[in-house]
Amino acid sequence: MKQIKEKKFDVIVVGEINVDLIMNKVQSFPEIGKEKFAGDMTLTLGSSAAIFANNLSILGLKVSFIGKAGNDIFGNFCKKNLSENGVDISMLYTSDEDQTGATIVLNFDDDRANITFQGAMSTLKAEDITEEMLSMGKHLHFSSYFLQPGFEDKLDVLLRRAKQAGLTTSLDVQWDPTERWLFDYKKILPDVDIFMPNEAELINLTKEKSVEAALSVIGDYGNVIVVKKGYKGSVLLHKKRIIEGMPFLNKQVVDAIGAGDSFNAGFIFKFLCGDEIEKCQVFANLIGAISTTAAGGTGAFKSYHQLLKTAREKFGYGE
Ligand SMILES: Nc1ncnc2c1ncn2[C@@H]1O[C@H](COP(=O)(O)OP(=O)(O)OP(=O)(O)O)[C@@H](O)[C@H]1O
Ligand SMILES: [Mg+2]
């Protein structure tokens with residue numbers, strides 16, 4: 001009988017890696033020529049893909065992260081954070097020419113204004129993801145299409161290569177800072193098993209006026225499409241069925257940074273456990289909500305034990 005080769009990693013994450021410098025309790029919006037106070041600040045692991053990798057590893061999967069960092073203090077800080085939380089970084093590229101990027105986050109309750117310097121992430125190329133790398137995982141997750149020009153018009157090829165190598169795939173495009181929203185969903189989505197935009201991103205990508213209209217346009221091309229709706233939870237389209245996912249409402253949000261990436265981690269965790277799509281959505285809403293209970297994208301993800309405790313005590317889950 002043919003032996004099925006055991007994979008080294010459950011999930012290969014491809015995407016950006018940078019730090020977040022989060023300014024909280026900001027006095028008011030910045031103005032040219034003036035100085036304002038922030039009430040406190042946090043320097044933490046940022047970037048959608050790295051937060052996803054970190055939180056998925058805390059949930060218990062074997063995760064490897066592929067991206068590009070600079071050979072500098074921020075790069076070392078990110079790598080240390082990821083490896084301390086069990087993420088494999090042996091395939092992460094380090095560049096002597098580029099700096100590790102940073103996002104300055106001005107945090108206002110559950111929304112925020114970000115400024116990102118891309119740095120090394122902007123020189124990672126689709127061709128840097130080799131067949132050998134892909135062969136080590138069961139699932140490929142890609143995040144932040146518009147921040148990584150090295151994948152422009154090449155993401156479909158990467159996803160197809162992953163599918164041909166037998167991986168399942170997920171994609172979170174994230175925000176487009178240029179707001180051009182050039183994303184060929186007809187070409188890309190057929191190779192995406194789980195597509196995970198938020199409401200505003202979905203509307204911009206499809207140029208439709210509502211989530212419902214957008215889903216009806218995009219639905220024919222995708223497999224599972226799950227749309228994040230902040231404190232309103234999520235909505236999912238699967239086999240022409242729309243499923244609303246109620247939120248685990250957190251009325252005392254510390255910040256919503258990385259809530260979407262944590263949601264993605266919760267969803268992919270259950271998906272790879274073989275759970276039904278509805279259960280993946282419920283768990284994703286829980287993990288997204290847990291993310292809002294602590295500062296930054298990984299603050300609430302220190303250990304699996306602590307996650308369960310927060311789930312039980314704050315959201316009555318698993319009692
Ligand atoms: N106040 C809240 N209470 C409970 N759950 C929340 C709250 N805010 C967000 N969530 C959960 O987190 C999920 C993702 O949040 P959101 O819609 O902000 O994602 P996003 O915009 O993609 O975020 P990101 O900035 O991480 O990319 C939501 O679908 C919801 O399940
Ligand atoms: Mg998001």
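Contact here means heavy atoms within 4.5 Å. Helices (H or I, at least four residues) and strands (E, at least two) are DSSP runs, numbered from the N terminus. The structure is a predicted model, in which local features need pLDDT of at least 70 and side-chain atom pairs count only at pLDDT 80 or more, while totals for chains, interfaces and linings use all residues. Residues are numbered from 1 along each chain as its sequence is written, chains are lettered from A and ligands numbered from 1 in the order in which they are written, and side-chain values use heavy atoms, with hydrogens and water left out.

An open sheet of eight strands runs in the order β4-β1-β9-β10-β11-β12-β13-β14, with mixed pairing. Its edge strands are β4 (63–66) and β14 (241–245), each of which pairs on one side only. Two strands pair if DSSP finds at least two bridges between them. Strands of a sheet pair through backbone hydrogen bonds, either parallel or antiparallel.

Strand β1 (residues 9–14) pairs with β4 in the parallel sense over four bridges. F65 in β4 is the bridge partner of V13. V14 has I66 as its bridge partner in β4. β1 also pairs with β9, again parallel, over five bridges. There, V14 stands opposite F142. Six of the six residues of β1 are buried, so this strand is largely enclosed by the rest of the structure. Buried means under 20% relative accessible area, exposed over 50%, and partly exposed in between (1.4 Å probe, protein chains only).

F195 is found in strand β11 (residues 194–195). F195 counts as buried because its relative accessibility is 1%. Residues up to four places away in sequence aside, F195 touches L171, V173, F183, L189, L205, I218, V224, I225 and V226. The C-alpha atoms of F195 and G230 are separated by 17 Å, at 35 residues apart along the chain.

Helix α4 spans residues 155–164, and L155, D156, L158, L159, R161 and A162 in this helix are buried. Their cover includes α3 (131–134), β9 (137–143), β10 (168–172) and α5 (185–188). G166 follows α4 and has a positive phi, near 90°.

I73 is found in helix α2 (residues 73–84). I73 counts as exposed because its relative accessibility is 71%.
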